[in-house]
Amino acid sequence: MEQDSAGAPARASLLNDPKARGLFYQLVLIVALVTLGYVIVTNTIANLERQNIASGWGFLENTAGFGIIQSLFPYSETSSYGTALLVGLFNTILVAVVGIFFATIFGFVIGIARLSNNWVISRLAYCYVELVRNVPLLLQIFFWYFAVLRAVPGKREKWSLFDTIHLNIGGLRLPKPIWEPGSHMIGIALIVAIIASIVISRWAHKRQDATGQQFPMFWTAVGLIVGLPVLAYLVMGMPMYWEHPNFVETGPILRRGFELNVGINVIPEFLALTAALAIYTAAFIAEIVRAGIQAVSHGQTEAAHALGLRNGPTLRLVVIPQAMRVIIPPLTSQYLNLTKNSSLAVAIAFPDLVSVGGTVLNQTGQAIEIIGIWMGVYLSLSLLTSAFMNWYNQRMALVER
Amino acid sequence: MSDTKMFQIRTEEAPLLPAPVSTTGVIGWMRQNLFSSISNTILTVVGILIAYSIVAPFVQFALVDAVWNGENREACLPQDGAHGGACWAYVKAYLPQFIYGRYPTDEIWRVNIVYALFVLLLVPLAWPSAPFKRTNAILFLVVFPIVAYFLLTGLVIGGSVILPIVETARWGGLLVTLVIAVTGIVASLPLGIALALGRRSKMPIIKMVSIIFIEFWRGVPLITVLFMSSVMLPLFLPEGVTFDKLLRVLIGVTLFSAAYMAEVVRGGLQAIPKGQYEGAMALGLRFWPMMYLIILPQALKLVIPGIVNTFIGLFKDTTLVLIVGMFDLLGQIQSSFTDPTWSTPSQGHTGYLFAAIVFFIFCFGMSRYSIFMENKLHTGHKR
């Protein structure tokens, strides 16, 4: 910095003043962004006018006119585009929930297997992780859909497990529960059981804090949650039965195969997508679980043993709660990745949000609206997840000094 | 009393006995790691059964039953009702397409030169003890892209054709995969670093813009980004201006992976102690020299695994371009299935297996290299 003759620091020139410079940079950024935005908007408006595409959400009311192979609620070709997109959204959520469920189970099993003392088991888990992580997910989806699920028996044949679960090229057939009048009591019983379990567990915790006596909470909860609905089922005169898929083996060749709309049919697109997603994500979850468990210092286990805890309670009460602290944040991002990756459904034409949206886009040309819907949905999922993660982190974070 | 020996002095060392057989060598290792208890033994047996049930059919398919040579599908058709093994003859016949796409046969030498230059520049760059690192890096990051661009697309100066133009629509296979992956990687790293610095900046607007940018791209699936770049980007441009399809995809992929890169770099920046900044400032360094000389080298070194992970993710994600109608390696393989000359029951399995092997080699290689570099660059004290 220059100094004048009196020795007092000179006023820094505006060019060297960090504050002024900061303001200048930010101003430049704002101007650049606004200009960019203006150019994009004017160009887009001009382009849309030239192509005669009306912008706006009106098209959502128009008739879609295409069929969707799987929907969770009634949908037909006469439904509107809006309904079609809703079907896609629910299919995305369905894939995500089922995928997350299986990915978590596989991931934890494999992650623990990688830490096994048994050399064969830990090597197997290691190979699984490395093989699955280093092959693109899309390739795995194709593999399951085009290679594996095309190698199963054709429409007129089937593979069966215990004569209740059947697989052929049409997909997986499962028995379907049919609810008769009075069956709502089973649901009510289930809800009551869950509430009762929560209340009893609170009470048990309080009692243990006060007296040190433990209460067999786990078995009580299992008894309640399984027992009460079964009891309700019996009391109400068994108002539920299983509708088994009906396989026609005799008669004219074209009539053979599974009867339509009997039992549950899980379409092959869904099977391939969830299988690939679950297996792929499980490899990542396994590494997270392994890192989490390894992050808990062995001294914790030793201290627990010194206090007289056996292996089971040590794991459940000491190691896992601390490991979860490390596991949950990356695990949540894996869940989010799985949800986002479910958009690859478009490659095998499973009607998820992106796939249905793509069809609508092709038919209407409403590119901006459709892509806006996609991004809005996935962004809000992401933001919800990160909000949850921050909340959980704050709750679980180690409180130091 | 005195002549009674009360103690004994050993005059020679006791012979060293070998450890019991049951604790050393193969047997000891097996006892400890495989058969230490009944449950462990059961696990071993189950594990071996699982491994066998996966490896045996695989070897049967890929090697034992495989067909290595043949002119067309006749060679690979399964005999007497068997399912048949891998049809490597088909992969052999299609290999040029898998590597170059529909690039004109007469011009393939240009692609080969690009491949060769790439390897020639990358290997010494990746080799820690090779000399001329700086020259090498400049050649790889600045000269090579320009040379590669003109070699691949063609060169016309003042009406005279020096290299005939090859449209990107004719590119395909590994060429497209590598072009997207390498461009994405090279372009997203500086952008990611800039975004990470922006996110940690004290200037509120720069910080906010960076955060919005990062969170936006990280929050949406890559597919929607690709759709956006292929459908929406043309709408943003003035009339008459068109972007090459490959370029549009490249922009989308770069912006997408830059956001991920930014978060990785941010992690590294956060791990640098404040004293390093203060030390740099005490030396009188300004912002950029401080970042370039002191902070970024340390921060980037810390996050090498994360950066490589992003690279691997990007490399795998290049397959998604097939959804917007471009033919990367997987797309090229997928499209070859429609050719009746080679249609056999095992064609799909063989094609996917080939793709899986290629991707695995690239991705696994990258992850091994990152572990190697991590150990190499580890200058601190390892616990």
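Colleague: What makes β2(A) and β3(A) a strand pair, and in which sense do they run?

Modeller: This is a predicted model, and in it residues 165-168 (β2) and 171-174 (β3) of chain A are linked over 3 bridges, in the antiparallel sense. Pairing takes at least two bridges, so they qualify. Within that pair, A:L167 stands opposite A:L172.

Colleague: What joins β2(A) to β3(A)?

Modeller: A hairpin, through 2 residues.

Colleague: Which other strand does β3(A) pair with, and how do you know that it counts?

Modeller: That's β8(A), residues 264-266, again antiparallel and over 3 bridges.

Colleague: Zooming out, why is chain A called more spread out than a compact globule?

Modeller: Chain A has a radius of gyration of 29 Å, while the globule rule gives 21 Å for 401 residues. The value is well over the rule, so the chain is more spread out than a compact globule. Its C-alpha trace spans about 105 × 75 × 45 Å along the principal axes, and the secondary structure comes to 11 helices and 8 strands.

Colleague: On to the interface: how many residues of chain A and chain B are in contact, and how much area is buried?

Modeller: 52 residues of chain A touch 53 of chain B. Together the two chains bury about 4,500 Å², with 74% of it on carbon and sulfur atoms. A:Q26, A:N134 and A:M375 supply 13% of what chain A buries against chain B, more than any other three residues.

Colleague: Why is A:E130 with B:R368 called a salt bridge?

Modeller: Their closest N and O atoms are 3.8 Å apart. The cut-off is 4 Å between a side-chain nitrogen of Lys or Arg and a carboxyl oxygen of Asp or Glu, so the Arg and Glu here pass. The count between chains A and B is 1 salt bridge. For polar contacts across this interface, the rule finds 13 residue pairs.

Definitions and conventions: Residues are numbered from 1 along each chain as its sequence is written. Chains are lettered from A and ligands numbered from 1 in the order in which they are written. This is a predicted model: local features need pLDDT of at least 70, side-chain atom pairs count only at pLDDT 80 or more; totals for chains, interfaces and linings use all residues. Side-chain values use heavy atoms; hydrogens and water are left out. Helices (H or I, at least four residues) and strands (E, at least two) are DSSP runs, numbered from the N terminus. Contact means heavy atoms within 4.5 Å. Buried area is the accessible area (1.4 Å probe) that two parts lose on being put together, summed over both. A polar contact is a pair of N or O atoms within 3.5 Å; within protein, one must be able to donate a hydrogen and the other to accept it, and residues adjacent in sequence count only if both atoms are side-chain atoms. The radius of gyration is taken over C-alpha atoms; the globule rule is 2.2 Å times the number of residues to the power 0.38.
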